[in-house]
Amino acid sequence: MGDPSCIFCRIAAGDIPAAKVLDTAEATAFLDIGPLAPGHTLLIPRQHYESILDVSPAILAAVAAELPRLARAIINATGAEGLNVLLNTGASAGQVVPHLHWHLIPRRAGDHLGFRWNAGRYAEGESDAVRSAIVAALNA
Ligand code: AMP
Ligand code: ZN
């Protein structure tokens with residue numbers, strides 16, 4: 001099981017070293033090698049799925065079930081005040097490693113990491129069209 005060309009599959013299998021913090025039947029979590037803050041952790045399914053677009057819902061649920069206790073442990077261990085939990089999907093969204101992973105990034109006021117979405121607004125009627133397109137795609 002696992003893709004030998006995938007670095008996160010190899011970490012999950014224990015073939016290459018990582019600073020693991022959690023191992024379950026379905027999930028592994030380890031420190032990000034390039035942390036945005038100390039304690040920046042990645043949570044991954046042990047099985048190879050490229051992204052949220054191809055993961056099995058049952059596997060996703062089993063892995064996501066680890067998020068609350070992992071988030072609490074990171075906050076307790078680092079003294080962070082909060083976390084950003086991010087799941088990048090596709091290169092345009094910043095995904096570099098093509099094995100599904102959540103980032104848990106400890107945050108505190110004044111940490112200067114920054115975080116800003118440049119929110120837009122819909123033109124007249126645009127949100128209706130977008131909503132209809134998504135509903136149609138869900139029901140296709
Ligand atoms: P993303 O841009 O969402 O694909 O994030 C990939 C993350 O994986 C980056 O934050 C990297 O620092 C991290 N990363 C890459 N290789 C390793 C590794 N061998 N061990 C731990 N983290 C890694
Ligand atoms: Zn993989």
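Biologist: Which residues touch the most other members in the largest nonpolar core?

Modeller: Leu43, Val63, Leu70, Trp102 and Leu104, out of 15 residues in that core. A nonpolar core here is a set of buried Ala, Val, Leu, Ile, Met, Phe, Trp, Tyr and Cys residues joined through side-chain atoms within 4.5 Å. Bear in mind that this is a predicted model: local features need pLDDT of at least 70, side-chain atom pairs count only at pLDDT 80 or more, and totals for chains, interfaces and linings use all residues. Residues are numbered from 1 along each chain as its sequence is written, chains are lettered from A and ligands numbered from 1 in the order in which they are written, and side-chain values use heavy atoms, with hydrogens and water left out.

Biologist: Which elements give two or more residues to this core?

Modeller: Strand S2 (27-31), helix H2 (57-64), helix H3 (67-78) and strand S5 (102-107). H3 gives the largest share, four residues. The elements are DSSP runs numbered from the N terminus: helices are H or I, at least four residues, and strands are E, at least two.

Biologist: And what is Leu43 in contact with, leaving aside neighbours within four places in sequence?

Modeller: Ala27, Thr28, Ala29, Val63, Glu66, Leu67, Leu70, Leu100, His101, Trp102 and Leu104. Contact means heavy atoms within 4.5 Å. Apart from this core lies another, of 10 residues, including Cys6 and Val97.

Biologist: New topic, the metal. Which residues are the protein donors of the zinc ion (ligand 2)?

Modeller: Cys6 (SG), Cys9 (SG), His48 (ND1) and His99 (ND1), at 2.0 to 2.3 Å from the zinc ion. Donors are N, O and S atoms within 2.8 Å of the metal (3.2 Å for Na, K and Ca), and as water is not among the atoms, sites may look incomplete.

Biologist: What angles do the four donor atoms make?

Modeller: 105 to 117 degrees, and the site is tetrahedral, a label that needs four donors with all angles between 85 and 135 degrees.

Biologist: Where do Cys6 and His99 lie?

Modeller: Cys6 is in the segment before helix H1 (7-13) and His99 in the loop between strand S4 (82-86) and S5, so the pair ties together parts 93 residues apart in sequence.

Biologist: Is Cys6 buried or exposed?

Modeller: Buried, at 5% relative accessibility; His99 is buried too, at 0%. Buried means under 20% relative accessible area, exposed over 50%, partly exposed in between (1.4 Å probe, protein chains only).

Biologist: Last one: what does the side chain of His103 make a polar contact with?

Modeller: The side chain of His40, at 2.9 Å. A polar contact is a pair of N or O atoms within 3.5 Å; within protein, one must be able to donate a hydrogen and the other to accept it, and residues adjacent in sequence count only if both atoms are side-chain atoms.

How values were computed. Four donors count as tetrahedral if all angles lie between 85 and 135 degrees; four count as square planar and six as octahedral if opposite donors are over 155 degrees apart and all others between 65 and 115; anything else is irregular.
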